[in-house]
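Thanks, everyone. Let me put the model up, and then we'll walk through it.

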Amino acid sequence: MIQVHFTTQDGSVTSAVGTDGESVMEIARNNGVHGIVAECGGAAMCATCHVYVSPGWLARIPPVSEFEDELLEGTGAPRMENSRLGCQIKLNDTLDGLEVTVPASQY
Amino acid sequence: MGRKVVIVGAGQVSATLAAKLRADGYDGGITVLGDENTLPYQRPPLSKAYLLGKQAMAQLHLRPAAFYSQAQIDLRLGCRAIAIETGVRVVRLQGDEVIPYDHLVLATGSAARSWPAALGGTLEEVRTLRTVSDADSLSLALRSAGSILVIGGGYVGLELASVARTLGLAVTVVEAQKRILNRVAGEDTARYFRTLHVAHGIRIVEGMGIRRLLGGGRVEGAELENGEVIACDLVIVGIGAIPSTALAVAAGLEVDDGVVTDEFCRTSDPVIWAAGDCARVRTSAGSIRLESVGNAIDQAETVAANIMGGERAYRPRPWFWTEQHGVRMQIAGLSAGHDETVLRRTSDGSRSSCWYFRKDNLIAVDAINDAQAFLAGRRLIDSGMDVDRAAIGNPSFDLRNLAKATLPEISS
Ligand SMILES: Cc1cc2nc3c(=O)[nH]c(=O)nc-3n(C[C@H](O)[C@H](O)[C@H](O)COP(=O)(O)OP(=O)(O)OC[C@H]3O[C@@H](n4cnc5c(N)ncnc54)[C@H](O)[C@@H]3O)c2cc1C
Ligand code: FES
């Protein structure tokens, strides 16, 4: 069980558990976290699963691929240094306790 | 605001709509009626990762079962609506139960167009793909077949060809129109995919109809209009989809290749709405029916806002994607009716994009392995800004600058 804490726009935190190999997008979707649309269902096509990763956690996540990097330019909310596509962050034990913030909008 | 919303069809639209109503604070009843036995799920992987065995069923679900119960959404699966009685505002179910509604949403999707029975359509192993149960049985069939004929060179047909080839089958695609992707993309994009499929050992036959499918009991081949016989032990028919409008027709709603709605997604009955594949929206620019996830989501959100008392007009923002032989294409806009194209290609050919114009306006972009071109195209189409064609055609011109220029200035 790997726990992820989502801070949503109203400032509230939803904590959800997922399993090894699940993506941050899937955990959000499966636990009713608002604000992640995921139109393409994780195919890295839509950029509507944008999250901001708490800076302390960034280094533990594999770096952005070229494709993710390009797609991040198309997020609805501004891209920041800690922007990632939720569907491209796959959970593993080292990410237990991961903290991410859901942006105000995905469009 | 009505106290009870009933949604017919448990697919992309209904999952989005029910969730959106709750997220926006709607506290009346929500009942979702779905004739499949599965939780609402995404269809795009059915012809891609799921069929290849790279994605599990649970990953297709748009929401887990617990979501519906927690949100007090009465999700009734394996439950088919058979009639709408608009006068008394009830939906009749198979088995004769009736469910009253204050707002009814038609989200019945579409059904795969089948091959005519008189031309061999009822032979065994002549299949279509629409549902996860179609995909599961197709998956088994693909693993025991040696050769497959795909009828129709649209996106779904070509994706299926790619999957079948990856699984080791001999694959032929036959397209009756003059070329593959004829309705949905221009010649450059069609050429790219033709070359790609041929390079993977797939035979593509274009501009050639099929006279009939052959076989006694089980399909054994197809006879083309030029007399050639192509042997195969599996046929997939990918010749488009038909909007599921039977309920609306019987209820006397206006239907014209889709349940007709105004720009608020309201049908000719003021408490009945339609969204997704089954709906044809009339806007000032004409009427449009789209079959895509993005459209289903946009329309579902429009209906949710309007049921909540808003006046949100739907604005089409078509986009689509496809994956074939590991190549990714994202499409912004609709290219039909273009009168000019500009091709943008890196020198090694690893990325390319085709930009479609009509009367000098950018209307669509097909972006192959090039998310930057997709995003820039989408922004430019939305903004209606003039596009410098020479710049676009020059692969060393950085598209990010172009797209950024269309963003509103942020003042400090
Ligand atoms: C193989 C395949 C690949 C695709 N690939 C892509 C893609 O890459 N990108 C993309 O954007 N789109 C793609 N699409 C299209 C996309 O899946 C659809 O546009 C989307 O699912 C439409 O959502 P919907 O809610 O309108 O309909 P659906 O998701 O089809 O849901 C409608 C549901 O209503 C049910 N129903 C119908 N009548 C009744 C009744 N009387 N009573 C009860 N239930 C009823 C149906 O059985 C169905 O379960 C693909 C579709 C298919 C089939
Ligand atoms: S879900 Fe579409 S890019 Fe992540």
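How many salt bridges are there between chain B and chain A? The count is two. Keep in mind that this is a predicted model. One of those bridges pairs the side chains of Glu66(A) and Arg351(B), at 3.1 Å from N to O. Side chains of opposite charge can pair when their charged atoms come close.

Now the rest of that interface. On chain B, 32 residues are in contact with 21 residues of chain A. Together the two chains bury about 2,100 Å². Carbon and sulfur atoms carry 49% of that area. Polar contacts join 11 residue pairs between chain B and chain A, counting pairs with both residues at pLDDT 80 or more.

Which elements of chain B give two or more residues to the side that touches chain A? There are helices: H2 (57-60), H8 (293-307), H9 (371-383) and H11 (399-405). There are also strands S22 (319-324) and S23 (327-333). H9(B) supplies the largest share, six residues. By class, this side of chain B has 13 nonpolar, nine polar and 10 charged residues.

Stay with H8(B). Inside chain B, helix H8(B) packs with helix H1, residues 12-23. Two packed helices are described by the angle between their axes and the distance between the axes. Here the angle is about 35°, and the axes are 8 Å apart. The crossing of H1(B) and H8(B) is right-handed. From H1(B), the contact includes Val13(B), Leu17(B) and Leu21(B). From H8(B), it includes Ala296(B), Ala300(B) and Ala304(B). The residues of this contact divide into 10 nonpolar, two polar and two charged.

Last, back to charge pairs. A search of the whole structure finds 33 salt bridges over all chains. One of them lies within chain A, where the side chains of Arg84(A) and Glu68(A) meet at 2.8 Å, N to O. This pair links distant parts of the chain, 16 residues apart. Arg84(A) sits in strand S4, residues 83-85, and Glu68(A) sits in helix H3, residues 66-72.

That's the tour. Questions, please.

Conventions: Residues numbered from 1 in each chain as written. Chains lettered and ligands numbered in written order. Predicted model: local features only at pLDDT ≥ 70, side-chain atom pairs only at ≥ 80, totals over all residues. Heavy atoms only, no water. Contact = heavy atoms within 4.5 Å. Buried area = accessible area lost by both parts, 1.4 Å probe. Salt bridge = Lys/Arg side-chain N within 4 Å of Asp/Glu carboxyl O. Polar contact = N/O pair within 3.5 Å; in protein donor to acceptor, adjacent residues only side chain to side chain. Helix = DSSP H or I, 4+ residues; strand = E, 2+ residues; numbered from the N terminus. Nonpolar A, V, L, I, M, F, W, Y, C, P; charged D, E, K, R; others polar. Axes fitted to C-alpha atoms, helices over the stretch in contact; angles between N-to-C directions. Left-handed = near helix turned anticlockwise from the far one by under 90°.
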